[in-house]
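User: Hi! I am new to protein structures and would like to learn how to read one. Could you take me through some features step by step?

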Amino acid sequence: MDPYTPFCGTPPLPTELLTRWTFDPVLIAGLIAAFAIGMRYTIERKRFTGAWALVAFLFISPLCAASMALFSARVAQHILLTLVAAPLLAAALPKLRLPPMPVAVVFAVLFWFWHAPAPYQATLESDLTYWAMHLSLFGSATLMFAAFRATPEQSIPAAALTGAQLTLFAVVLTLAPTPWHSWHMLTTIPYELGPLADQQLAGAMMWVAGGLLFLAVIGKLALTFLQEADVPPAKSRP
Amino acid sequence: MTDAPYDNNPVPGPRDDAYDMAPKGEPDKSFEEVWATPPGVKVLSSVSHRVVGKRFLITGFIFFLIAGVLALLVRLQLLVSENTFLDSETYNQVFTMHGTIMMFLFAIPMLEGFAVYLIPLMIGARDLVFPRLGAFGYYCYLFGGIIVLSSFLFDAAPAGGWFMYVPLSTSQYTEGLSADFWLIGITLAEIASVTAAVEIIAAILCSRAPGMSLTKMPILMWYLLVTAFMIAIGFPPLIIGSILLEAERLLGLPFFDISLGGDPLLWQHLFWLFGHPEVYIIFLPAAGMVATMLPVFVGKPLFGYGFAVSAVITMGFLSFGLWAHHMFATGLPIMSLSLFSAASTMVAVPTGVQIFCFIATLTLGKPRLTVPMLFILGFLFIFVLGGLTGVMLAAVPFNLQAHDSYFVVAHLHYVLIGGFVFPMFGALYYWVPHFTGRMMSETLGKWAFWLMFLGFNLAFFMMHLTGLRGMPRRIATYPEGIGWDRLNMLSTVGAFILAAGIAVFIVDFFRHQRSGPKTGRDPWRAATLEWLYEPRTPGYNFRAIPAIRSREPLWDQPELTDRPAAEVDGALRISHDHRRETIGCDPVTGEPIQILRLPHPTWFPLISALGLAVLFAATLASLYWLSAIGGLIALIGLTGWIWEPSDSGVTRETGLGEGLSLPVNVVDRKSHLHVGTIGTILILYALFASLLFAGLFLWNVQPEFAQDTARPARIFALVSAALSVILFALSWMTGRRALSQGSLAAGMLINLLTGVAIVALGLSFFWALLPVDPYSTAFAAVGWAMGAYVAALLAVSLYWTLFNALRKATGNVVLGQGLPDLLLAAFGKATAVMAGITAVAFLVAGTPQ
């Protein structure tokens, strides 16, 4: 039986990294289909194109291969997917009235689940699991930001929960005394980075870069809410 | 106006029969008398926000003076090298108490005082929505402060620094009661902070004048709202940390004991998880007061309201992610340091947005250089410098160099005195005329400002240099001739000049009460509603509550200022039932949705707080029978407090529009009581999350001890999980019935079933935990702490559900008075969620034995 090759290929060496683009025909077909469908339904073509281009970049570019070697690269990919592409896509969709708290809880559960050792390992053993991870994370994050956008004033507890759980996970990861993911035990060595240092980098990026991106989204939502609410109503009094 | 703007109103038409059940009005009194402050000693029963607010301000200011004197003692000791004025133990007590009092008993209560006093006046309400809670919080603060201060009498003042690091503060290294005085007293005082948070959230969201949408609120309300949410989430980690540390000192549970899998760094994480937001909690209200005063003296609205508000909201979130930068020297992973460093410098972005809004406002017109304005300019100067040294300290290499030196002392005083004390004095000069009806002296005020400004900079600028020359903080004395002598002497001189400035303020304060000129209407030409009446404003704040169309009502709404204030049109001019009332609004739009009944003077807050103080003080003295008596008194006080007829179920005319009638204390999720309950639940979740964090942290950094810990009994953990689901379902049904006005008998049945479920759940948790020895490892102790926390929630739920059942059984409730059950439902659901999470944690933690 052939050993399974993960979706993004075997862990690359630093020298070959920049040549490792993932031109998977199914991926490309899926992206084209998503673009066609999205452009039909989006209300904001620019934002949708931006989100789509970022998603395409995250999976086609060498970042995908790098994430096979470095857990920190994988985390960077997930941060960009859930905290940049997802809110951008949410802003390109028609307003969805979803209850913010349940969606935020779903996102939290998925986020913790997929980064725990066993499920994480599973994503490296099957394409199906790999895509289940990314689609569920991306989908739940998009729905969550769509819910925040639709009713920002009612989303504050859910946003607080999301900020808190992302930070908590990042803290645990940063301060963990041993590496979690056996997959990365040897893959980080060519990058002159121990697996623990790689994991600490991943945690700190999640904590800080993730935190700041989340804040930027919150700040933007707050500003939009204030500016929209500030427009005087049509039935203004004398 | 054909119908109430409030459309899914579940309460059908008037039910005046219900009102007969609520004979709480005082029909023999006029409107003015209903709102009057009770005379003589009965003033202690007053619940008015203006009485309570002034009490907070005065008490806070007295603590400020006490802590200030302690600071002067520190400076006297450091005046010359090898000084013997204070011995090192006394010196440790003095600097610890200085920091503790300034942070917990001055800064936070002072901002609470301003919030409690100003919120109703600025949003057009006659009182806060939970006046008794405000009075209760004040007494908790007062008694807690007295406990902390009394430690001096027993020569047991805390001496471990204001952040009480373990292991220094464990019983092994701090014998006696000094750390207990700190932990118990401060925890009691913190009750005031969290109750104030609930109060502020509910008041700002639920009692604004008709038409005051969120975006038409005075800017200070945004600052206070964000601050209140930050208190609700930021104080719980410290409360949990304090309780864990006290449990370790009192019961010997090994939370921080490294030999049993505890970790001293857990304390630092919990402390700074509170401590970092705390800085913003202190700074934001002060910045909000600046943002209120600045436009007045420039004569133009604040530049960039939307940007300032979103910057404040962003800061609220940001402040919770950055506590680790107080811990650079604790051995955090090297990989993370540069990222924290970068993130810390980025705090400057949202702060900068606000400061630029202030500066841009200044450029809009020619500012009047009044005394409050001088203090604002002083704030800008000092705070910006403190911010810059903050950016310096964010750089890890510099941080490690300056760590624990006087450079840090200089930085934190530039931030806190610049960011809080200067704006606060500006605010006092600005609002004292509102308190007393007389103006303070411009001349003396300028003297006060310049003495404070020059004295401050002399004292604290030098400390940067002393610190860079290597002087560590918290040393009682230093040798001669290593370059610290002259700088220290200058700092001491500066500190006394600063104190002289404050003395001038105090002298002027007493002077102006007798001979200051009377304040006319709107003496500063301000735009916000608190200046609508000529100070001192009558006890009811607003004879009729005006409709608001502008963010600057006194500038933009001529109908408010072209006639005597008492004749301004508005809601609730007619009081039907001789009750204290105000208008309740939709949290977002500000449209009126209910008439909100407010309590009259009552002794129950004082009794409850007194009982609680006895409980805390007796625990400190190890007199546990007395603790039980204190707890009982508190419970009796609380029961008397809430055993009152419901006001819901009737509809009254408001005097708004064309005969708009609104329900009294509407049974709805937008009710102030429901919003307040949600605020409380937020605090409870934050407490629970702090415990979860403690468990996760220990499991993460000490995995071998977590492995050694016995796992709770699986079968009972499963039963607990199942019972949590049942409790959730019952609570959901409680809420449904309350909103849909199902029969009272059904409601009582659900209440009783809920009680049964709660008792079963409590027992099940107890049996689940039995195999776990809390003294075996820190991880096991955290498991018991979680169990104890859930048990406390269950006890409250049980009391509440039986209370509601009893009320129905004794005929104290009529159909349509569903608020208590609606609130219980929210609380029960939250309890069920936390119990469920705990049960799941018990299923996976530890190792089966």
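**Reading burial, cores and packing**

Analyst: Happy to! Let's begin with B:Pro237, which counts as buried because its relative accessibility is 4%, and the cut-off for buried is under 20%. Keep in mind that this is a predicted model.

User: Where is B:Pro237 placed, and which residues does it touch?

Analyst: B:Pro237 sits in helix 7 (residues 219-251) of chain B. Leaving aside residues up to four places away in sequence, B:Pro237 touches B:Leu270, B:Leu273, B:Phe274 and B:Ser690.

User: Now chain A, please. Is A:Ser61 buried or exposed?

Analyst: A:Ser61 counts as buried, because its relative accessibility is 1%. You will find A:Ser61 in the loop between helix 2 (45-60) and helix 3 (62-69) of chain A. Again not counting residues up to four places away in sequence, A:Ser61 touches A:Arg20, A:Trp21, A:Thr22 and A:Ala56.

User: How should I think about a nonpolar core?

Analyst: Here is the general idea: in soluble globular proteins, nonpolar side chains tend to be buried together. In this model, the largest nonpolar core has 340 residues, and B:Phe358, B:Phe425 and B:Trp431 are those with the most contacts inside it. Helix 4 (residues 88-123) of chain B gives the most to this core, with 23 residues. Domain 1 (245-336 + 348-367) and domain 2 (699-844) of chain B both give residues to this core, so it lies between them. Another core, of 16 residues, lies apart from it, with B:Ile758, B:Ala780, B:Val790 and B:Leu843 among its members.

User: What does B:Trp431 touch, not counting residues up to four places away in sequence?

Analyst: Its partners include B:Phe114, B:Leu118, B:Met122, B:Glu530 and B:Trp531.

User: How far apart are the centres of domain 1 of chain B and domain 2 of chain B?

Analyst: Taken over C-alpha atoms, the centres of domain 1 of chain B and domain 2 of chain B are separated by 34 Å. Their contact takes 11 residues from domain 1 of chain B and 11 residues from domain 2 of chain B.

User: And how do I describe two packed helices?

Analyst: Two packed helices are described by the angle between their axes and the distance between the axes. Take helix 23 (residues 714-740) and helix 24 (residues 744-769) of chain B: they pack at an angle of about 160 degrees, and their axes are 9 Å apart. That angle makes helix 23 of chain B roughly antiparallel to helix 24 of chain B, because angles over 145 degrees count as roughly antiparallel. The crossing of helix 23 of chain B and helix 24 of chain B is left-handed.

Key
Residues numbered from 1 in each chain as written. Chains lettered and ligands numbered in written order. Predicted model: local features only at pLDDT ≥ 70, side-chain atom pairs only at ≥ 80, totals over all residues. Heavy atoms only, no water. Helix = DSSP H or I, 4+ residues; strand = E, 2+ residues; numbered from the N terminus. Buried < 20%, exposed > 50% of the residue type's maximum accessible area, 1.4 Å probe, protein only. Contact = heavy atoms within 4.5 Å. Core = buried A, V, L, I, M, F, W, Y, C linked by side-chain atoms within 4.5 Å. Domains from an automatic or database assignment. Axes fitted to C-alpha atoms, helices over the stretch in contact; angles between N-to-C directions. Parallel < 35°, antiparallel > 145°, perpendicular 65-115°, else oblique. Left-handed = near helix turned anticlockwise from the far one by under 90°.
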